[in-house]
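Hi,

Here is the structure I said I would pass on. Have a look at it first, and my notes follow below.

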Amino acid sequence: MQNDIQEVLITEEELQQKIKELGRTLSEEYAGRTPLVICVLKGAFIFMADLVKAITVPVEMDFMAVSSYGASTKSSGVVKIIKDLDVSVEGRDILIVEDIIDSGLTLSYLIELLRNRNAASINVVTLFDKPSGRTVNLEASYTGFVLPDEFVVGYGLDYAERYRNLPYVGVLKPEIYSN
Ligand SMILES: O=P(O)(O)OC[C@H]1O[C@H](OP(=O)(O)OP(=O)(O)O)[C@H](O)[C@@H]1O
Ligand SMILES: [Mg+2]
């Protein structure tokens, strides 16, 4: 697996330090409240696990699985809900946890959905942002790292379901991609 990586963009130490900072900021933002933290599966599962450990206010958690990339490096443009939330978001302070915002399609779809379900407030924390990929106008409330215009893997992010378990973020060798 490590042999498929051309370049490490963000090391494990850099990731962990940034997540601790985000946890401190979010603990201040939500002081006195109990947000419902929503993990966007699958990509955000590792970030979610580390982030909630760095948040010191009480939180509730739920999980939603959506997919639009499949085995490609380009968004299909269609956001498919694979698993919906278990709990109601009505009147709740929502913190959406994403691994990456690229085209912005996944998040714009989710935000619209949660607004229609009458959430009290919606914030987004994303570990990575790739502004060059944007096709819809969308900004996260909190961002870890801004990435260059390259398809990245690791720390939850996959190519064709592989490489999620790398503890760092990197770029694959070009011969690995089949498109
Ligand atoms: O801004 P966008 O262009 O919509 O891209 C971002 C989304 O794409 C990836 O999910 P994917 O559809 O690959 O599902 P996965 O999390 O199961 O890998 C990623 O985890 C984000 O959720
Ligand atoms: Mg994916």
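Let me start with Tyr155, which is buried because 25 other C-beta atoms lie within 10 Å. (Buried means that 20 or more other C-beta atoms lie within 10 Å of the residue's own, exposed means 12 or fewer, and partly exposed is in between; C-beta atoms are placed from the backbone.) Tyr155 also has a positive phi of about 50°, although it is not a glycine. You will find Tyr155 in the loop between β8 and β9. (Helices are DSSP runs of H or I with at least four residues, strands are runs of E with at least two, and both are numbered from the N terminus.)

Before I go on, a word on what you are looking at: this is a predicted model, where local features need pLDDT of at least 70 and side-chain atom pairs count only at pLDDT 80 or more, while totals for chains, interfaces and linings use all residues. Residues are numbered from 1 along each chain as its sequence is written, and chains are lettered from A and ligands numbered from 1 in the order in which they are written.

The overall picture

The chain has three helices and nine strands, and from the N terminus on they run β-α-β-α-β-β-β-α-β-β-β-β. Its C-alpha atoms fill a box of roughly 50 × 35 × 25 Å along the principal axes. The radius of gyration is 16 Å, which agrees with a compact globule, because one of 179 residues would have a value near 16 Å. (That radius is taken over C-alpha atoms, and the globule rule is 2.2 Å times the number of residues to the power 0.38.) Of the 179 residues, 31% count as buried. If you take contacts between residues at least 6 apart in sequence, 66% of them join residues at least 24 apart. (Contact here means that the two C-beta atoms, placed from the backbone, lie within 7 Å.)

As for annotation, the unreviewed UniProt entry has "domain: Phosphoribosyltransferase" over residues 14–159. (UniProt positions are in the numbering used here, feature names are shortened, and annotations may be inferred rather than shown by experiment.) That span is 25% helix and 29% strand, with its end C-alpha atoms 22 Å apart.

The core

The largest nonpolar core has 40 residues, and Ile38, Val40, Phe47, Ile94, Leu95, Ile96 and Val97 have the most contacts inside it. (A nonpolar core is a set of buried Ala, Val, Leu, Ile, Met, Phe, Trp, Tyr and Cys residues joined through C-beta atoms within 7 Å.) Among the elements that give two or more residues to this core are α1 (12–29), β2 (36–41), α2 (45–53) and β6 (121–129). Strand β5 gives the largest share, six residues.

Leu95 lies in that strand, β5 (residues 93–101), and counts as buried because 25 other C-beta atoms lie within 10 Å. Beyond its neighbours within four places in sequence, Leu95 is in contact with Leu26, Pro35, Val37, Ile38, Asn123 and Val125. Ile38, for its part, touches Asp62, Met64, Leu85, Ile94, Leu95, Ile96 and Val97, again not counting residues up to four places away.

In α2, the buried residues are Ile46, Phe47, Met48 and Leu51; what covers them includes α1, β2, β5 and β6.

Around the ligand

Which element supplies the largest share of the shell around ligand 1? The answer is β5, with four residues. The shell has 17 residues, and Gly43, Tyr69, Asp102, Ser103 and Thr106 are the closest. (A residue is near the molecule if its C-beta atom, placed from the backbone, lies within 6 Å of it.) By class, five are nonpolar, seven polar and five charged. (Ala, Val, Leu, Ile, Met, Phe, Trp, Tyr, Cys and Pro count as nonpolar, Asp, Glu, Lys and Arg as charged, and the others, Gly among them, as polar.)

Gly43 turns up again as a contact of Leu157, along with Asp99, Ile100, Val152, Arg164 and Val169, leaving aside neighbours within four places in sequence. Leu157 sits in the loop between β8 and β9 and is buried because it has 23 C-beta neighbours inside 10 Å.

Most residues other than glycine have a negative phi, and most peptide bonds are trans. Asn118, in the loop between α3 and β6, has a positive phi of about 65° although it is not a glycine. Is Asn118 buried or exposed? It counts as exposed, because it has 11 C-beta neighbours inside 10 Å. Finally, the peptide bond from Leu41 to Lys42 is cis, with omega near 0°, and Lys42 lies in the loop between β2 and α2.

Cheers
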